[in-house]
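Trainee: I am new to this structure and would like to understand the terms applied to it. May we go through them one by one?

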Amino acid sequence: MDITKVINEKTINLNLKGRNKDEVLSELTDLLFNENIIDSKEGFLKDVYKREAEGQTGLGNYIAIPHGKSESVLKTSLAIGRTNNTVEWETLDGKPVKCIILFAVRAVDKTTTHIKLLSQVAEALADDDITEKLLTKENPKEIMELFREKK
């Protein structure tokens, strides 16, 4: 799975307005719905929250990677959002988040494809330079390029 095939400039919002987890997840879900990546906002969010209940998705360094493996997903994709304020989240370092990478995974892709995507994102985020750029770049194309560099 090539990570650049699941990132779409139209599913990147670097100015999320949400002030809490529910609001930012809703904004990112709207991006996916508007691009016909999911067919049900409610169904997808239900699956995202089901996964959130299983354990924290906040990696630390102000980044969270929530994911929904769902029948509502028509095309495995990522939505990436960033806020100007911090959002409380359950994280490994106890800090809030500013950048959210929401995985939308088709139910049929929930094993191998999902693991490969998670691995590619984790590899990119292990690079402090990429993490810093993810939190500061102002253009969705630049965000996409960060993941292209790591493939």
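Mentor: Let us begin with pairing: two strands pair if DSSP finds at least two bridges between them. Strands (E, at least two residues) and helices (H or I, at least four) are DSSP runs, numbered from the N terminus. The model is predicted, so local features need pLDDT of at least 70 and side-chain atom pairs pLDDT 80 or more, while totals for chains, interfaces and linings use all residues. Residues are numbered from 1 along each chain as its sequence is written, and side-chain values use heavy atoms, with hydrogens and water left out.

Trainee: What makes strand S1 and S5 a pair?

Mentor: Strand S1 (residues 7–16) and S5 are joined by four bridges in the parallel sense, and the definition asks for at least two, so they count as paired. Within this pairing, Leu 16 stands opposite Thr 83 of S5.

Trainee: In which sense do S5 and strand S6 pair?

Mentor: S5 and strand S6 (residues 97–106) run antiparallel, with seven bridges between them. Arg 82, for example, has Cys 99 in S6 as its bridge partner.

Trainee: How many residues of strand S5 are buried?

Mentor: Buried means under 20% relative accessible area, exposed over 50%, and partly exposed in between (1.4 Å probe, protein chains only). Of the 11 residues in strand S5 (residues 77–87), nine are buried.

Trainee: Why is the contact between Lys 21 and Glu 52 called a salt bridge?

Mentor: A salt bridge is a side-chain nitrogen of Lys or Arg within 4 Å of a carboxyl oxygen of Asp or Glu. The closest N and O atoms of Lys 21 and Glu 52 are 2.7 Å apart, so the contact meets the definition. This pair links distant parts of the chain, from Lys 21 in helix H1 (residues 21–34) to Glu 52 in helix H2 (residues 41–54), 31 residues apart.

Trainee: How do you know that Lys 21 is buried?

Mentor: Its relative accessibility is 13%, and the limit for buried is under 20%, therefore the term applies. Glu 52 is buried as well.

Trainee: Which other residue forms a salt bridge with Lys 21?

Mentor: Glu 90 does, with the closest N and O atoms 2.5 Å apart. Glu 90 lies in the loop between S5 and S6, 69 residues from Lys 21 in helix H1. Glu 90 counts as partly exposed because its relative accessibility is 42%.

Trainee: How many salt bridges does the whole structure hold?

Mentor: The search finds five. Another of them joins Lys 41 to Asp 30, with the closest N and O atoms 3.1 Å apart. Lys 41 lies in helix H2 and Asp 30 in helix H1, 11 residues apart. Lys 41 is called partly exposed because its relative accessibility is 28%.

Trainee: What makes the phi of Asn 36 worth a remark?

Mentor: Most residues other than glycine have a negative phi. Asn 36 is not a glycine, yet its phi is positive, near 60 degrees. Asn 36 lies in the loop between H1 and H2, and it counts as exposed because its relative accessibility is 59%.

Trainee: Where does Tyr 62 lie?

Mentor: Tyr 62 is in the loop between strand S2 (58–60) and strand S3 (63–64). Tyr 62 also has a positive phi, of about 70 degrees, although it is not a glycine.
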